[in-house]
Amino acid sequence: MEQKLGKEISIHEVGYDTMSFTHEEIDEELVPLYAVAYVTEPIICHSANYTDEEGNYYTLMLIETGGENPYEVWLVNDKLVPSFNS
């Protein structure tokens with residue numbers, strides 16, 4: 001988060017969660033099915049969230065894909081931000 005937002009964030013300001021999903025529960029608007037097509041269930045997603053001083057709510061989701069790197073999803077104020085994923 002610090003790299004993407006370009007500022008230092010205290011660990012105490014970040015919320016964390018880990019969730020598990022089945023293939024049927026995956027939101028295709030956030031995660032294309034090809035990214036998890038070969039993952040055995042449960043599909044694990046780690047998330048971190050942070051609210052900045054202007055009230056913007058950032059969410060980073062890392063979805064385990066079975067490969068070396070997880071699939072990364074960024075939301076700002078609960079809206080997908082594809083440009084963050086580069």
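## Strand pairing

In this predicted model, strand β3 (residues 57-63) is paired with strand β4 (residues 71-76) in the antiparallel sense, over 6 bridges. Within this pairing, Leu60 stands opposite Trp74 of β4.

Strand β4 also pairs with strand β5 (residues 79-80), again in the antiparallel sense, over 2 bridges. Here Leu75 has Leu80 in β5 as its bridge partner. The strands β4 and β5 form a hairpin with 2 residues between them.

## The chain as a whole

The protein chain contains 2 helices and 5 strands, and their order along the sequence follows the pattern α-β-α-β-β-β-β. Taken along the principal axes, the C-alpha atoms fill a box of roughly 40 × 25 × 20 Å.

The protein chain has 86 residues, of which 31% count as buried. Its accessible surface comes to about 5800 Å², with 50% of that area belonging to carbon and sulfur atoms. Among contacts with a separation of 6 or more, 42% are accounted for by residues 24 or more positions apart.

Ser47 lies in strand β2 (residues 43-51), while Val14 is found in strand β1 (residues 14-21).

| Residue | Relative accessibility | Class |
|---|---|---|
| Ser47 | 11% | buried |
| Val14 | 15% | buried |

Why does Ser47 count as buried? Its relative accessibility is 11%, and the class covers values under 20%. Val14 counts as buried because its relative accessibility is 15%, which is also under 20%.

Which residues are in contact with Ser47, leaving aside its neighbours within four places in sequence? They are Gly15, Tyr16, Asp17, Met19, Leu60 and Met61.

For Val14, not counting residues up to four places away in sequence, the residues touched are Met1, Ile9, Ala48 and Asn49. How far apart are the C-alpha atoms of Val14 and Glu24? These two residues are 10 residues apart along the chain, and their C-alpha atoms are separated by 29 Å.

Definitions and conventions. Residues numbered from 1 in each chain as written. Predicted model: local features only at pLDDT ≥ 70, side-chain atom pairs only at ≥ 80, totals over all residues. Heavy atoms only, no water. Pairing = 2+ DSSP bridges. Helix = DSSP H or I, 4+ residues; strand = E, 2+ residues; numbered from the N terminus. Buried < 20%, exposed > 50% of the residue type's maximum accessible area, 1.4 Å probe, protein only. Contact = heavy atoms within 4.5 Å. Areas by Shrake-Rupley, 256 points an atom, 1.4 Å probe, with all protein chains shown as cover.
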